[in-house]
Amino acid sequence: MLFVGHRGASARSPENTMAALTLACALSDGFECDLQQLRSGNLVTLHDATLWRTATFPNRNGLASLFLRACPVGWLDDAAVADADVGNGEAPPRVDEIMGLALDRQKICFAELKAPEGASAAEVDALACAAAGAAPAGLDHLLTWISFSPDLCEAMKQKSPDHKAFLVAYVHDEAGCRAVAADAAKRGLDGIDVNAGSHVTRAVVDECAALNLKVVVYVYRAPAVNDVPALWASSRDAGVWAFTSNLPAGVDSAVAAN
C-alpha cells in the first residue's frame, strides 16, 4: 500500500504549501493537494472556497485583508492570491509548481479539483479544460485527478485520458462504497477515494477490482481520528492501493514497511 501526504505532510507543515508538499515527497510516495480556479481561469493550490481559514495578507491593510480572505477565491485575480501568506511566508502554490514538484521528484500527485457549489455544465467543462491543460508531459503514471463531483471526474477522464480519475466520496458503510464504485465504473473512471474506516473491507476492494477500479482511502481534519496505525494496517490488509495520510509522527515505520 502506498502512502500519500494529505495536503502534503499537513501534520508537520502548513497544509497545501510547497513546504508541506515537498516534505511529503521526502516522507512518502507522494502528495494530495486541492486545486481551486481563479477568476483568470488559472488553478491554485487551496482547499477551501475562500482564504479565510488558511491565509493572512500581511501587505494589505485591515479592511483589504478581511475582504480578500472572505471573498470567494473564484472572484480573485492571480496577483491578489499571490499576495496571500498561507504559512511560512508562502503564497498558495500555482498548479505548475505542484506539477513540477511531482515530475522532478517522480512522486505521485493526487490533484483534487474543487468544483464551485452548483457549478453549471459549462463551468465544469471550463475547469476540466484548465486542469487538463495544466498537466505537463511525463506525468502520465504519476498524476491522478480526484474530485467529489462525479460530472467533473467524468469530464477529466474524457479530456485527460492518459491520467487516472478517481471519484471521491464520504461513506458510512460497505453499501456506500459499492454505490460509489458503481457510479465510478459507469462513468469509465479508474477508482474510488473514500474515507478510511472499517467499511473498507477486502470484499469491497475485491468487488472494485472486478470493476477495474482501484481503492484509495483518505483522512479528514487534523489531527485525524482515522489516521492511526490500526487503520493503516487494516487498509493494507484489505488491499487498498493508497492511504492518503496527514503523515503524523509514527507513520514513518508504516511507510517503510510498505
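This section describes helix packing, nonpolar cores and selected residues in a predicted model.

Two helix pairs were examined. Helix 1, residues 18-27, packs on helix 4, residues 95-105, at an angle of about 20°, and the two axes are 11 Å apart. Helix 1 and helix 4 are therefore roughly parallel to each other, since angles under 35 degrees fall in that class. Their crossing is right-handed. On the helix 1 side the contact involves Met18, Leu21, Thr22 and Cys25, which meet Glu97, Ile98, Leu101 and Arg105 of helix 4. Classified by residue type, the contact of helix 1 with helix 4 comprises five nonpolar residues, one polar residue and two charged residues.

Cysteine 25 belongs to helix 1 and has a relative accessibility of 5%, so cysteine 25 counts as buried. When residues up to four places away in sequence are not counted, cysteine 25 touches Phe31, Leu101, Arg105 and Lys107. The C-alpha atoms of cysteine 25 and isoleucine 108 are 8.5 Å apart in space, although 83 residues separate the two in sequence.

The second pair consists of helix 5, residues 121-134, and helix 6, residues 150-159, which pack at an angle of about 45° with axes 9 Å apart. This angle makes helix 5 oblique to helix 6. The crossing of helix 5 and helix 6 is right-handed. From helix 5, the contact is made by Val124, Asp125, Leu127, Ala128, Cys129, Ala131 and Ala132, and from helix 6 by Asp151, Leu152, Ala155, Met156 and Lys159. In the contact of helix 5 with helix 6, nine residues are nonpolar, three are charged and no residue is polar.

The largest nonpolar core holds 61 residues, of which Phe31, Ile98, Trp145 and Phe243 touch the most other members. Helix 4 gives the most to this core, contributing five residues. Another core, of 14 residues, lies apart from the largest one and includes Leu51, Val73, Ala80 and Ala84.

Beyond its neighbours within four places in sequence, threonine 144 is in contact with Cys109, Phe110, Ala111, Lys164, Ala165 and Phe166. Histidine 163 is placed in the loop between helix 6 and strand 6, the latter covering 164-169. At 7% relative accessibility, histidine 163 is likewise counted as buried. Leaving out neighbours within four places in sequence, the contacts of histidine 163 are Ala135, Leu139, Asp140, Leu143, Trp145, Lys157 and Asp190. Trp145 is also listed among the core residues that touch the most other members.

Tryptophan 75, in contrast, counts as exposed, at 59% relative accessibility. Tryptophan 75 is situated in the loop between helix 2 (62-70) and helix 3 (78-82). Its C-alpha atom is separated by 43 Å from that of alanine 256, which is 181 residues apart from tryptophan 75 along the chain.

Some backbone features occur in loops. Between alanine 222 and proline 223 the peptide bond is cis, with omega near -5°. Proline 223 lies in the loop between strand 8 (214-218) and helix 9 (229-238). Asparagine 16 has a positive phi, near 55°, and is a residue other than glycine. Asparagine 16 is located in the loop between strand 1 (2-6) and helix 1, and is buried, with a relative accessible area of 3%. A positive phi of about 60° is also found at asparagine 88, again not a glycine. Asparagine 88 occupies the loop between helix 3 and helix 4. With a relative accessible area of 61%, asparagine 88 is exposed, whereas asparagine 16 is buried.

Key:
Residues are numbered from 1 along each chain as its sequence is written. This is a predicted model: local features need pLDDT of at least 70, side-chain atom pairs count only at pLDDT 80 or more; totals for chains, interfaces and linings use all residues. Side-chain values use heavy atoms; hydrogens and water are left out. Axes are lines fitted to C-alpha atoms, for helices over the stretch in contact, and angles run from 0 to 180 degrees between N-to-C directions. Helices (H or I, at least four residues) and strands (E, at least two) are DSSP runs, numbered from the N terminus. Angles under 35 degrees count as roughly parallel, over 145 as roughly antiparallel, 65 to 115 as roughly perpendicular and the rest as oblique. A crossing is left-handed if the near helix is turned anticlockwise from the far one by less than a right angle, and right-handed if clockwise. Contact means heavy atoms within 4.5 Å. Ala, Val, Leu, Ile, Met, Phe, Trp, Tyr, Cys and Pro count as nonpolar, Asp, Glu, Lys and Arg as charged, and the others, Gly among them, as polar. A nonpolar core is a set of buried Ala, Val, Leu, Ile, Met, Phe, Trp, Tyr and Cys residues joined through side-chain atoms within 4.5 Å. Buried means under 20% relative accessible area, exposed over 50%, partly exposed in between (1.4 Å probe, protein chains only).
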